[in-house]
Amino acid sequence: MGILFVILTTALLLSGGYQTYQRALSERPIEAVIRDIRAQSSYTCLEQVPQLYINAVLAAEDHRFYRHNGIDLFAIAEAFMRDVRERRLVAGGSTITQQLCKNQFFTQQKLFTRKIAEVFMVCKLEQHCSKDEILELYINSIYYGSGYYNLADAATGYFGKQIVELTAWECTLLAGLPNAPSVYAPTKNPGLALQRQQQVLDAMVEYGYLTCKEADEILQQCPEDFL
């Protein structure tokens with residue numbers, strides 16, 4: 001009886017998730033979402049983004065991005081184990097593709113059916129776009145705090161610069177903001193922004209994007225008047 005209940009519950013969740021996915025896709029087809037993001041006047045092609053910034057985003061958000069198919073089971077397992085150790089929900093395990101799908105197609109409600117719908121949408125997007133295209137769409141649509149919804153606007157708004165003019169220090173600071181933009185926005189909480197930047201640099205060292213010496217040199221570029 002218990003097994004039957006689990007099977008029926010799973011079937012209902014899968015059905016509900018698939019219906020949510022189909023509804024979201026009918027309301028906003030993937031082609032329309034891509035067109036809307038690329039229509040921004042400040043849209044930036046991936047080739048124009050500093051490689052250091054790209055590396056920082058990958059290290060901080062999804063270091064296996066180019067090795068998974070949209071869902072990172074290893075990251076989910078790592079997040080689960082961390083939650084168990086901390087005895088609270090502290091880690092998510094969402095990939096860049098998942099974040100893009102959640103932001104563009106769904107609400108932020110933590111429902112099982114929404115998470116299942118997200119998985120269907122992730123598979124669809126990974127089939128429709130290349131990895132570079134997904135990363136480019138993500139960079140051009142993620143929120144950086146203070147009303148800036150893409151990298152170009154964040155670079156201009158926070159530093160008065162074009163993307164290609166960003167320093168290594170500015171790149172690594174910006175890469176950390178989307179994790180919690182209302183918390184880490186440097187115009188509101190510069191101290192917390194620096195703490196998040198340190199986490200980004202630590203991740204870059206851990207995953208081989210930087211040496212400890214290079215990370216320390218980047219930190220030393222912090223403007224004296226930042227705080």
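Biologist: What share of the 227 residues in the protein is buried?
Modeller: This is a predicted model, in which local features need pLDDT of at least 70 and side-chain atom pairs count only at pLDDT 80 or more, while totals for chains, interfaces and linings use all residues. Residues are numbered from 1 along each chain as its sequence is written, and side-chain values use heavy atoms, with hydrogens and water left out. Buried means under 20% relative accessible area, exposed over 50% and partly exposed in between (1.4 Å probe, protein chains only). Of the 227 residues, the buried share is 45%.

Biologist: How many helices and strands does the protein have?
Modeller: Helices (H or I, at least four residues) and strands (E, at least two) are DSSP runs, numbered from the N terminus. From that end on, the elements run α-α-α-α-α-α-α-α-α-α-α-α. The count is 12 helices and zero strands.

Biologist: Among contacts between residues at least 6 apart in sequence, what share joins residues at least 24 apart?
Modeller: A contact means heavy atoms within 4.5 Å. Among the contacts in the protein between residues at least 6 apart in sequence, the share joining residues at least 24 apart is 64%.

Biologist: Which residues of α7 meet α3?
Modeller: The axes of α3 (residues 51–61) and α7 (residues 131–139), lines fitted to C-alpha atoms over the stretch in contact, come within 12 Å and cross at roughly 90°. The two helices are therefore roughly perpendicular, a label for 65 to 115 degrees. On the α3 side the residues are Tyr-53, Ile-54, Val-57, Leu-58 and Glu-61. Their partners in α7 are Leu-135, Tyr-138 and Ile-139.

Biologist: Which helix gives the most to the lining of the second largest pocket?
Modeller: That pocket has a volume of about 150 Å³, and its lining includes Thr-20, Arg-23, Phe-105 and Arg-114. A pocket is an open set of points on a 1 Å grid over the protein atoms alone, where a 1.4 Å probe fits, with protein on both sides within 12 Å along at least five of seven lines; lining residues have an atom within 4 Å of a point. Both α1 (2–27) and α6 (112–128) supply at least two lining residues. The most, four residues, come from α1.

Biologist: How far apart in space are Arg-23 and Ala-117, C-alpha to C-alpha?
Modeller: Arg-23 sits in helix α1 and, at 45% relative accessibility, counts as partly exposed. In sequence, Arg-23 and Ala-117 are 94 residues apart. In space, their C-alpha to C-alpha distance is 9.6 Å.

Methods. Axes fitted to C-alpha atoms, helices over the stretch in contact; angles between N-to-C directions. Parallel < 35°, antiparallel > 145°, perpendicular 65-115°, else oblique. Points joined across faces, edges and corners; volume = space filled by probe spheres on them.
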